[in-house]
Amino acid sequence: MRIAKKILSIPPSATLAVNAKAQELAAQGRKIISLAVGEPDFPTPKHVRQAAKDALDEGFTRYTPVPGIPALRKTVAAYFAGISGQDELPTEAIMVSNGGKHALYNLFQVLLNPGETVLIPAPYWVSYPPMVLLAEGKPVIIPSTPEKRFLITTEDLERHASPSARILVLNSPSNPTGCHYTQDELDTLIGWAMERDIFVISDEIYDQLVYAPARPSSAVSWWVRFPDKVAVVNGLSKSMAMTGWRIGYVLAHPDLVKAMVRVQGQSTSNVCSITQKAALAALTGPMDSLQEMRTAFQRRRDLALERITSWPGVVCPRPDGAFYLFPRLDALYTPQRNTSEALCTHVLEQAGVALVPGAAFGDDRCVRFSYALDDQTLVTALDLVQDALLND
Ligand SMILES: Cc1ncc(COP(=O)(O)O)c(C=O)c1O
């Protein structure tokens, strides 16, 4: 079969092996606990589900404008304005897409020319490099360390930037580390990029999952100053437990939005009409379920962090957000399991717990633990992993 070269340039998913193995073991009747989940274990709030039912009953089931229904774009603009202390932001600067992922995909498609480079701090969310490759760009990875809370500095950027650098991707709080830049830290990085005419994509999909005393930070105020050099991505997958609904959005220059409408208009067209009505309810309705989720995640973060950092030689910063821990576990590597994938395979076979190898996120010394599952199952899973790693 002849497949296009640009598709073959995308490396196979490093998580596939562990997932396939987990399914195989489950099919054999083994009880598998997954700490590999990338979505909240909470239901979508009731008022959001109700809004979807109402939309269906009212027959709101036809095509909508490609960038979203006007009411939703206006509400998203108000959301971005609200988090950055602006009175309002223009509706034409909002594009609604099928998840934050689709918003990012559209952005890379309309921003990159072949061979232009994209600076991606590691550990990174798995999809950034493949999306850049699909847009015929070149990912340039900027490593970081757990000792520095997996955050990068302008010195790191300086070391990796070349004149062909076109875009810098920032993701705070981060998947997979949960680590988060303060507003000052974010401002310094974005200021550096603005001075060099490097476009910043700020992926803020976990902005509502930041745990006190840390406070959310955002690039929106930079967009206001440099609307043609900054784009801010967000969505409801994480904050409203709406992963399956496929709803994300981006704040970008209206000309960029028009360009993204061209791409999206020839691929998926509008986001599902019913989802858009549900999203409207999510952004304008009560936020108590978000608060409940935040409290649970903070409690579970502390619980899992205490356990994981008690293992000998393990380094794991205390993350301020999202629902992941990304410990460096290479102190527990042995000659038989000396990569993150080998360690995850061992834990899966021995303990029946699925984890994601750090190699998938650009750091082979680490492993991602998700704590998006109930406290009791989380404790059971950590007991099992501990046993497999320390007592075998
Ligand atoms: C950092 C980051 N950005 C974007 C997304 C995309 O989310 P979705 O497309 O489900 O809205 C995810 C999902 O895991 C993520 O972790």
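View A: R328 and E147 form a salt bridge, and their closest N and O atoms are 3.3 Å apart. The term here means a side-chain nitrogen of Lys or Arg within 4 Å of a carboxyl oxygen of Asp or Glu. R328 sits in the loop between strand 9 and helix 13, while E147 is in the loop between strand 4 (138-142) and helix 7 (154-160), so this link joins distant parts of the chain, 181 residues apart. Helices (H or I, at least four residues) and strands (E, at least two) are DSSP runs, numbered from the N terminus. With a relative accessible area of 16%, R328 is buried. For burial, the cut-offs are under 20% relative accessible area for buried, over 50% for exposed, and partly exposed in between (1.4 Å probe, protein chains only).

A word on the model before going on. This is a predicted model, where local features need pLDDT of at least 70 and side-chain atom pairs count only at pLDDT 80 or more, while totals for chains, interfaces and linings use all residues. Residues are numbered from 1 along each chain as its sequence is written, and side-chain values use heavy atoms, with hydrogens and water left out.

**View B: K21 and E349 bridge two helices.** The structure has 18 salt bridges by the rule given above. In this one, the closest N and O atoms of K21 and E349 are 3.4 Å apart. K21 belongs to helix 2 (residues 15-27) and E349 to helix 13 (residues 340-351), so the pair ties together parts 328 residues apart in sequence. K21 has 22% relative accessibility, so it counts as partly exposed. E349 is partly exposed too, with a relative accessible area of 39%.

**View C: R318 reaches back to helix 12.** R318 and D302 make a salt bridge whose closest N and O atoms are 2.8 Å apart. R318 is in the loop between helix 12 and strand 9, D302 is in helix 12, and the two are 16 residues apart. R318 is partly exposed at a relative accessible area of 43%, and D302 also counts as partly exposed, at 27%.

**View D: aromatic pairs.** There are 13 aromatic pairs in the structure. Rings of Phe, Tyr and Trp (its six-membered ring) pair if their centres lie within 6.5 Å; planes under 30 degrees apart count as stacked, over 60 as edge-to-face and the rest as tilted. F80 and Y249 have ring centres 6.1 Å apart and planes at 90 degrees, so they are edge-to-face. F80 lies in helix 4 (residues 70-83) and Y249 in strand 8 (residues 248-251), so the pair ties together parts that are 169 residues apart in sequence. Both F80 and Y249 are buried. F297 and F323 make a tilted pair, 5.1 Å centre to centre with 40 degrees between the planes. F297 is in helix 12 (residues 288-308) and F323 in the loop between helix 12 and strand 9 (324-325), 26 residues apart.

**View E: charges over rings.** R225 lies over the face of W222, 4.5 Å from the ring centre. The charged end of K277 sits over the ring of F60, 4.5 Å from its centre. To count, NZ of Lys or CZ of Arg must be within 6 Å of the ring centre and within 35 degrees of the ring normal.

View F: The ligand has 13 residues around it, and the closest are G100, D203, S237, K238 and R246. Being near requires a heavy atom of the residue within 4 Å. A backbone N or O atom of G100 is 2.7 Å from an oxygen atom of the ligand. A polar side-chain atom of Y206 lies 2.8 Å from a ligand oxygen atom, and an N or O atom in the side chain of S237 is 2.7 Å from one.

**View G: S97 in strand 2.** S97 is found in strand 2 (residues 94-97) and is buried, with a relative accessible area of 0%. Not counting residues up to four places away in sequence, S97 touches H102, A103, N106, R246, I247, G248, Q264 and V271; contact means heavy atoms within 4.5 Å.

Technical notes. Polar contact = N/O pair within 3.5 Å; in protein donor to acceptor, adjacent residues only side chain to side chain.
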